Amino acid sequence: MTGDGTGPGSDADPPIVLKLGGSLITEKDRPETLDGDALDAACDAVAGALADGAVERLVVVHGGGSFGHHHASEHGVSTTTGTDDAVAVTDIHGAMAELNRAVLDRLQERGVPAVPVHPLSLSARPDGVDGDLDLPLSSTVTLLGEGFVPVLHGDGVATAGEGVTVVSGDELVVELAVGLGARRVGVCSTVPGVLDGDGAVLPSIDSFESVADALGASDATDVSGGMAAKVRELLALDAPAYVFGAAGLAPFLRGEDAGTRID
Ligand SMILES: Nc1ncnc2c1ncn2[C@@H]1O[C@H](COP(=O)(O)OP(=O)(O)OP(=O)(O)O)[C@@H](O)[C@H]1O
Ligand SMILES: C=C(C)CCOP(=O)(O)O
């Protein structure tokens, strides 16, 4: 364990922030069903990149797939509509914690020092749904400094005036990337990149308007906005962000371009 800290202003190597999309690691149209083969392949790529030194510091975020989105949808909860029902909150968070455990287990089996960071216990929207997300980063920063790979996930989040709403993994990725001064950001999903109106992968995107017509929601149950919300969030970043499919994960981790570059 190194204990040398990280984040903006630190001498430490800036981390990479990687989201493993829920539509990649779960069967998104079958409630609470893991896509074990896809998750294994993603964990192989992460473990390989850490073992060969291509990546030194890594924060992983995973999405909800058929775990979080299924329960959130059943309870009528989204990023903008909350619930004051404690059972609903526990259902949504419980499903996400279960998926998080599966991700941690498979990373740890491959020697990755992955540890959980649960946003429901850490984060809030103190000014309501239209206000900023408050995501204290000292636990993530300190875990990184101690040599761990923090693994966060889309979750419920306390929201003034709404009870508990959903915070998407995409929003967490942006907060982490800004707050940690990330070097690069990767979002690995089921699609090989952001597709244009003819289904071809767009090599790069630098404005929302130029691609808005081609961007849709998810093709499965999704309470947080699918690809359109993803692109909108990633355009706000200073660090280069990439959206790619399973085949792009290892190249991205090696520092190569993959899928669609968003900047
Ligand atoms: N122009 C587009 N290019 C690529 N995918 C698109 C486009 N428009 C809509 N989509 C949809 O976006 C989906 C990916 O977004 P989604 O939010 O489901 O992914 P994810 O981040 O992997 O999942 P989760 O939100 O569960 O973490 C694709 O399955 C596709 O159906
Ligand atoms: C539905 C929940 C709880 C998490 C949503 O996170 P996302 O899949 O990254 O949008």
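**A walk through the model**

Modeller: Let us start with R106, which is found in helix 4, where helices (H or I, at least four residues) and strands (E, at least two) are DSSP runs, numbered from the N terminus. This is a predicted model, in which local features need pLDDT of at least 70, side-chain atom pairs count only at pLDDT 80 or more, and totals for chains, interfaces and linings use all residues. Residues are numbered from 1 along each chain as its sequence is written, chains are lettered from A and ligands numbered from 1 in the order in which they are written, and side-chain values use heavy atoms, with hydrogens and water left out.

Colleague: Which residues does R106 touch, leaving out those up to four places away in sequence?

Modeller: R106 touches L34, G36, L39, D40 and C43, where contact means heavy atoms within 4.5 Å. R106 and A47 are 59 residues apart in sequence, while their C-alpha atoms are 9.9 Å apart in space.

Colleague: And at what angle do helix 3 and helix 4 pack?

Modeller: Helix 3 and helix 4 (residues 86–109) pack at about 175°, with their axes 8 Å apart; axes are lines fitted to C-alpha atoms, for helices over the stretch in contact, and angles run from 0 to 180 degrees between N-to-C directions. Helix 3 and helix 4 are therefore roughly antiparallel to each other, since angles under 35 degrees count as roughly parallel, over 145 as roughly antiparallel, 65 to 115 as roughly perpendicular and the rest as oblique.

Colleague: Which residues meet there?

Modeller: From helix 3 they are F67, G68, H71 and A72, and from helix 4 they are D91, I92, A95, M96, E98 and L99. By class, this contact has six nonpolar, two polar and two charged residues, where Ala, Val, Leu, Ile, Met, Phe, Trp, Tyr, Cys and Pro count as nonpolar, Asp, Glu, Lys and Arg as charged, and the others, Gly among them, as polar.

Colleague: New topic: what is the volume of the second largest pocket?

Modeller: The second largest pocket has a volume of about 340 Å³. On a 1 Å grid over the protein atoms alone, a pocket is an open set of points where a 1.4 Å probe fits, with protein on both sides within 12 Å along at least five of seven lines, and lining residues have an atom within 4 Å of a point. Grid points are joined across faces, edges and corners, and a volume is the space filled by probe spheres set on the points.

Colleague: Which residues lie nearest the centre of that pocket?

Modeller: Of the 16 residues that line the second largest pocket, R125, V129, G131, E171 and E233 lie nearest its centre. Helix 6 (169–180) and helix 7 (226–235) each supply at least two lining residues, and helix 6 gives the largest share, four residues.

Colleague: How do helix 6 and helix 7 cross?

Modeller: The axes of helix 6 and helix 7 come within 9 Å and cross at roughly 5°, which makes helix 6 roughly parallel to helix 7. In this contact, D170, E171, V173 and V174 of helix 6 meet K230, E233 and L234 of helix 7.
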